[in-house]
Amino acid sequence: MALGPRNTWGIPLRVPVVRDGQIRYVLTAVLQPEAILNVINNRRLPEGWVTTVLDRNEKRVARTVHHQETLGTSPTATLHDLLMHNPAAEGIGVSETLEGESMYTAFVRLEELGWTIATGIPRSNVAAGAMQSLMLYGSGLAMSLALAVAAVLFATQRINVPMRQLRRAANAIGKHQPVHAPDSEIDEIREVGQALQIAAQARDLSERERDQMVSRLEQAQRELTQQVSDLERLQALSSRLLQLPSLDEQLDSILEVLCDLHGATQGLLSLSENGSPPRPHSTRGLSQAALEWLDDLQPGRDICGGAVLSGQRIVAVDTDPCFAPFAPQARLEGFRAAHITPIKHSDGTVMGALTILLATARVPSEREIRLADLTADLASVFIDRDRARTQAGALEQRLQVALDSSTVPFTVISPLRDDSDVIRDFRCDFVNPKAAAILDCPVQELTGARGCDLLPDWGNSRLFATLVDVVTSGRSQEFELPSTFEERERWFHVIATPFRSSVAIWFADISDRKRQEQVILEADRRKDEFLATLAHELRNPLAPIRLAASVFGTPMASEAQKQRSQQVIERQVRHMALLLDDLMDISRITLGKLILRSEPVDLRKVVEAALETAGAKLEAKHHQVLVQLPDTPIMVHGDALRLEQLVTNLLTNAAKFTDGGGHIGVALDREDGLARIRVSDDGRGIDPEHLTPIFEKFAQVAPTYQSTGLGIGLALARGLARLHGGDIEASSAGLGQGSQFTVHLPVREEQAPLSPDRTTPVQASAARCILVADDNRDIAETMAELLRLEGHQVHLAFDGLEALESFQRIRPQVALLDIGMPGLRGDEVARAIRALPGDQQVLLVAITGWGQPKDKEAALAAGFDRHLTKPVNINELLAAIDAAFEAC
């Protein structure tokens with residue numbers, strides 16, 4: 001007996017399990033001392049008797065008197081001496097109790113356990129009668145010596161015989177023989193005999209209890225041994241199941257072991273899929289006929305189905321009514337009872353049943369029921385695991401398909417730590433094909449690769465620091481990152497999210513977007529520069545116009561001064577008109593709405609016309625122009641005016657960036673089926689990095705000089721060249737080394753057409769009645785004065801309502817209408833005029849600042865006959881009026 005961890009006494013029962021001559025493990029059960037006390041108390045000893053149980057260390061296990069107080073203590077000294085001097089298996093002696101009472105003590109040793117059971121009988125109960133006899137005997141001695149002698153002889157005879165019988169009875173107790181109490185007339189001797197009989201009975205009772213205890217211990221040991229064997233079998237089964245590759249093999253093994261544990265040779269395991277009736281999945285020992293019979297059986301109507309439906313164990317023998325439908329087949333197969341255990345999910349739902357078919361009509365033992373429950377739980381674990389693995393595999397497959405087919409690049413990386421738990425690198429655990437394609441590296445090479453192997457200076461990069469922060473903080477981060485992976489400058493949009501102990505990364509290549517942003521930023525910068533330059537370019541002609549107008553309006557101005565002022569105004573207006581025309585042309589080219597009037601064109605004539613147009617600017621700075629034209633025509637199919645505009649832009653650009661007295665060359669030739677126009681100069685030159693950007697709209701790439709112009713001349717030239725199926729390129733040795741622009745156009749093998757007359761004289765106009773309507777009074781009144789100078793009768797209106805009212809009143813032959821007037825728009829006035837009754841042969845001309853093709857189409861749809869864009873050339877307007885009436 002020993003003291004436990006909770007300071008309580010217990011008796012450990014240990015059973016060693018020996019396998020192959022070695023102790024594999026020890027099974028231990030703890031017996032409470034009170035259990036021993038209950039066994040002793042069941043003897044119902046006479047009052048005053050005391051029984052003590054001692055273990056092999058003479059620790060008190062139980063005592064019928066003061067059990068709790070004496071538990072675990074040693075025996076009294078007299079009892080200890082009695083046991084020490086009498087090593088026999090049993091014996092009798094005298095000892096004192098803890099309470100100080102003298103006892104006749106009988107003891108028995110249990111050799112198997114090393115325990116001792118001692119029972120004490122109070123000596124007072126045995127010696128009282130003898131003492132009283134001695135007192136009477138002493139009194140009689142005083143009366144008479146003679147009588148004393150006779151009495152002594154008589155008493156001796158009456159005492160000695162029973163005393164010898166008492167000795168024999170005591171010896172019989174020690175020898176496990178029947179005890180016969182003496183039949184004495186002396187009460188004391190008779191009481192002693194009775195006491196010896198009681199002691200013998202107590203000894204017999206103790207021996208029977210000992211035998212029962214030993215029998216129970218042996219039974220417990222057999223049960224423990226059986227349980228150990230069962231547990232070993234189940235443990236071996238569990239180990240084997242983990243090694244089997246498929247659920248079918250695992251369930252077959254479970255069924256085989258459970259049949260063996262039942263001592264049966266037949267059984268089956270049924271499974272229910274998604275709530276369907278159970279069907280046999282694994283069988284053992286059943287004939288093919290039985291299997292076919294089970295397949296033909298209505299699903300769920302057998303006793304296995306009953307176990308599945310009820311979720312309860314079913315035990316059926318051949319005498320039970322539920323067994324009757326299966327009795328014929330059972331007789332053929334040789335079983336008379338069935339033990340069915342439901343197989344349940346962890347949530348309590350039933351997924352199947354384990355059925356053991358017994359050869360005898362019996363119910364299963366508690367051991368068999370316990371083992372059936374254990375194996376059913378084991379089957380449930382492996383079935384659940386298989387189904388979970390199947391579901392996980394399906395989910396993983398779907399996830400893999402989703403990730404592989406995803407257009408979003410995705411990867412998972414894991415941190416690599418050193419001995420100090422500091423993150424030193426990351427390893428790529430997964431990467432989908434889209435990500436591998438963006439990184440331009442096979443999936444196999446990226447998987448398992450370290451960051452330091454893929455990216456230079458990885459450990460000091462911003463990306464590494466950000467990923468470390470994601471791992472340590474557990475927070476997602478979203479950022480944009482430049483990269484020089486594979487020596488290419490690229491931009492990535494990255495989302496990094498903690499994923500278990502790794503980092504999940506979604507990223508996208510935004511290099512194109514970044515380039516577009518740069519293009520937009522550059523375009524915005526150019527727009528700002530363009531607007532500033534446009535304001536400058538518009539102020540330049542406005543300043544002399546304003547000054548010339550002031551001179552013209554001064555009373556002291558001479559006619560010559562007025563004439564020069566008029567020329568200045570006309571020249572600056574033409575300059576502003578050219579600026580606006582260039583803007584309109586570059587817009588039409590950008591939108592794809594510039595219409596070419598193509599015809600066979602001799603490029604020699606185009607170059608000559610361009611030289612004439614740009615002649616003033618070339619002469620202004622005294623440039624030396626070298627022209628090289630072939631003797632034979634070089635024909636192309638194109639718009640002569642637009643081609644002239646292209647070459648003119650190149651010549652004016654050369655004049656602008658070549659210092660006074662510099663050299664400008666123009667050459668025309670053919671090369672590889674292409675016409676080639678080269679305009680060269682020895683001016684400021686172009687930095688090599690600007691050879692391409694100079695053709696962009698609003699480009700200003702001369703930082704060392706004050707920029708002039710809107711930056712659209714070269715963009716317009718390239719647009720016109722490409723509209724004609726050609727292109728333009730620039731070359732320069734560098735700043736201060738001059739430049740050359742070369743235009744390539746496809747050649748058309750045709751004869752040169754006759755050159756049209758470039759000037760058409762303005763004929764005198766017949767007098768007409770004209771209505772001029774514009775909300776800008778200066779424009780309206782100035783145009784009216786010019787028309788009156790040509791002999792026309794002119795009426796004015798300054799808004800749409802006034803224009804319509806004036807038209808109805810005066811019925812003019814021509815109406816010049818601004819589009820954007822208050823009251824009624826010009827197009828609304830035109831529709832109203834066309835809707836008036838009568839034969840209205842009036843010529844309607846739209847005079848507007850809106851010059852896009854769609855604006856012209858809208859004007860004609862509203863009823864206008866012509867569309868002219870401000871500022872209007874007065875000669876063109878007069879020619880349009882005359883042409884309209886001549887056609888009538």
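**Terms and the values behind them**

Modeller: A815 stands opposite L844 in β29. Please bear in mind throughout that the model is predicted.

Colleague: What makes β28 and β29 paired strands?

Modeller: Two strands pair if at least two bridges are found between them. Strand β28 (residues 814–818) and strand β29 (residues 843–848) are joined by five bridges, therefore they count as paired. The two strands run parallel.

Colleague: To which sheet do they belong, and what is its strand order?

Modeller: They belong to an open sheet of five strands, in the order β27-β26-β28-β29-β30, with parallel pairing.

Colleague: Why are β27 and β30 called edge strands?

Modeller: β27 (793–797) and β30 (866–869) each pair on one side only, and they are the edge strands. From one strand to the next, the twist averages 20 degrees. Helix α23 (residues 800–810) packs on this sheet, where it touches β26 (769–773), β27 and β28. The direction of α23 makes about 145 degrees with that of β27.

Colleague: How many aromatic pairs does a search of the whole structure find?

Modeller: The search finds six.

Colleague: Why is the pair of F323 and F335 called edge-to-face?

Modeller: Ring centres must lie within 6.5 Å for a pair, and planes over 60 degrees apart count as edge-to-face. F323 and F335 are 6.1 Å apart centre to centre, with 80 degrees between the planes, so both conditions hold. F323 lies in the loop between β11 (314–317) and α10 (327–333), and F335 in the loop between α10 and β12 (337–344), so the pair ties together parts 12 residues apart in sequence. Both F323 and F335 are buried.

Colleague: What makes F426 and F464 a pair of the edge-to-face kind?

Modeller: Their ring centres are 5.8 Å apart and their planes stand at 75 degrees, so the pair is edge-to-face. F426 belongs to strand β15 (residues 423–431) and F464 to helix α15 (residues 462–473), 38 residues apart, and the pair thus links distant parts of the chain.

Colleague: Are F426 and F464 buried or exposed?

Modeller: Buried means under 20% relative accessible area. F426 has 2%, so it is buried. F464, at 9%, counts as buried too.

Colleague: How do you know that the charge of R777 is placed over a ring?

Modeller: One condition is a distance within 6 Å of the ring centre. The charged end of R777 sits over the ring of F798, 3.9 Å from its centre. K514 lies over the face of W491, at 4.5 Å from the ring centre.

Methods
Residues are numbered from 1 along each chain as its sequence is written. This is a predicted model: local features need pLDDT of at least 70, side-chain atom pairs count only at pLDDT 80 or more; totals for chains, interfaces and linings use all residues. Side-chain values use heavy atoms; hydrogens and water are left out. Helices (H or I, at least four residues) and strands (E, at least two) are DSSP runs, numbered from the N terminus. Axes are lines fitted to C-alpha atoms, for helices over the stretch in contact, and angles run from 0 to 180 degrees between N-to-C directions. Contact means heavy atoms within 4.5 Å. Rings of Phe, Tyr and Trp (its six-membered ring) pair if their centres lie within 6.5 Å; planes under 30 degrees apart count as stacked, over 60 as edge-to-face and the rest as tilted. Buried means under 20% relative accessible area, exposed over 50%, partly exposed in between (1.4 Å probe, protein chains only). A charge sits over a ring if NZ of Lys or CZ of Arg is within 6 Å of the ring centre and within 35 degrees of the ring normal.
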